[in-house]
Amino acid sequence: ANELCACRCVLALARRCPLAFLDVCLRGAYLTYIRAFGRMQASAVPLARFMRNCIVELFGVNAATAYRIAFAYIRQLAVHLRAVVTGTARDGARALQNWQFVGALRVWTDVLCAHARARTASMHQLVYPLAQIVTGALDLCVGTPCLPVRFHLIAMMNDLTDACRVLVNPVVPLLRCLDTSELRRRARRGTILPLDFATLLHVSRQYLTSPELQDAVVRAFYEHMLRFLAATSYSPAFPELAVPVLAFLRRYRRESRIPLLSQQLAALVEKTTQNVAWINAHRASATFLPRDRAAVAADADGLENRVPQFFHGLVLCCVREHGFCPAWNGNRGDAPGSASPPRRSTSPASSTRATSRPPAPSSAASSASSRATATTARTTTTTRTTRTTLMARRMWKMRKKTLHVCAVVGVVLVTKK
């Protein structure tokens, strides 16, 4: 509630003050976000998303001022990328694989997805430069440790494709994520925690041969490929777009040794084939030529409302299943955000196993076992309480920082006015 009130106050000041103060407000909000989230944690993800939404609303106050500021900062990102490509950057590719650069791209992706939907909008001219920057940064992220960065950039490409009606094809980068030696080897069982790509940019060495990495990559690949296919499923060109996708998916399905990946690829192939048949049937009854762009665009807009809902339903199911953090699914240990441990089953099979166990040797042994169980339960409860307390403290610190920044911006604007 406090963050929402602060955002509304800054937004009201930006609308009532002259344009000169709006420039200060937009630049201050963007730079504050970049400086505040130098590292991303699970507890800070909701606050980061809220601050991005505030920035998006601020950039919708005046289109001319928003275009000028967005152009300057997107050009700055392009210059930064060119320095890395030409080899003049100090840290090389590491200069792009940090939360400042990724967060800046995420902010401008959200801004363009909100204010560049129409082709006549002034912000729509910045979609192509931003897509080129995202694609160039994606080409520099090579290797299995950089998989989280790649999935962050692929998510931005999907958002631009879905919102701005511009094809930013992420199929090739997605398929390269599967073409790694770590996914072809047999994973070694370990006791490490699951991966959460929402708060990671690199994968440590201990995860390279673990099943946790395979599960995280498979789930991320399935979700991003599904989002891309859902965004283009209403296009009349979907059958041609789906030809290489189906070919590669079928090949990976035959060569895969991961059961979860085989199941996900089979579902994608089935639904894509159904949508191809539906689009072909619709194109057979079309009365316009492909060169009539206005008619093609109008037909695509009409198909968007009548497209089969299996793609959108799968996306919603995937998001609902994964929740806020896809990796924390409650299946491995006592992870943050995981579900509570399942209760003991009362099925006949479990009752048979329970009755077949030999009785306890003595009452002393049973009492010792009960004391050990109680001690373990108290330790688990204490660990959960401590972890929850730490997360609450971190969230409160981020809230205080946000309120302080918003208050300072408001005081500056009122003083200058």
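**Reading helices, burial and cysteines**

Modeller: Let us start with Leu175, whose place is in helix 8. Helices (H or I, at least four residues) and strands (E, at least two) are DSSP runs, numbered from the N terminus. This is a predicted model, where local features need pLDDT of at least 70 and side-chain atom pairs count only at pLDDT 80 or more, while totals for chains, interfaces and linings use all residues. Residues are numbered from 1 along each chain as its sequence is written, and side-chain values use heavy atoms, with hydrogens and water left out.

Biologist: Is Leu175 buried or exposed?

Modeller: Buried means under 20% relative accessible area, exposed over 50%, and partly exposed in between (1.4 Å probe, protein chains only). Leu175 has 8% relative accessibility, so Leu175 counts as buried. Across the 417 residues of the protein chain, 42% count as buried.

Biologist: Which residues does Leu175 touch, leaving out those up to four places away in sequence?

Modeller: Contact means heavy atoms within 4.5 Å. By that rule, Leu175 touches Phe221, Met225, Phe248 and Tyr252. Take Met225: 50 residues separate Met225 from Leu175 in sequence, yet their C-alpha atoms are 9.3 Å apart in space.

Biologist: How many helices and strands does the protein chain have?

Modeller: The protein chain has 16 helices and zero strands.

Biologist: How do I describe two packed helices?

Modeller: Two packed helices are described by the angle between their axes and the distance between the axes. Axes are lines fitted to C-alpha atoms, for helices over the stretch in contact, and angles run from 0 to 180 degrees between N-to-C directions. Here, helix 7 (residues 147–164) and helix 8 (residues 171–178) have axes that come within 10 Å and cross at roughly 155 degrees. Helix 7 and helix 8 are therefore roughly antiparallel to each other (under 35 degrees is roughly parallel, over 145 roughly antiparallel, 65 to 115 roughly perpendicular, and the rest oblique).

Biologist: Which residues of helix 7 and helix 8 meet?

Modeller: Leu147, Arg150, Phe151 and Ile154 in helix 7 meet Pro173, Leu174, Arg176 and Cys177 in helix 8.

Biologist: How many disulfides does a search of the whole structure find?

Modeller: A disulfide is a covalent bond between the sulfur atoms of two cysteines. The test is a pair of cysteine sulfur atoms within 2.5 Å, and the search finds zero disulfides. For Cys5, the closest cysteine sulfur is in Cys9, 6.6 Å away, which is too far for a bond. Cys5 is partly exposed at 48% relative accessibility, whereas Cys7 is buried at 9%.
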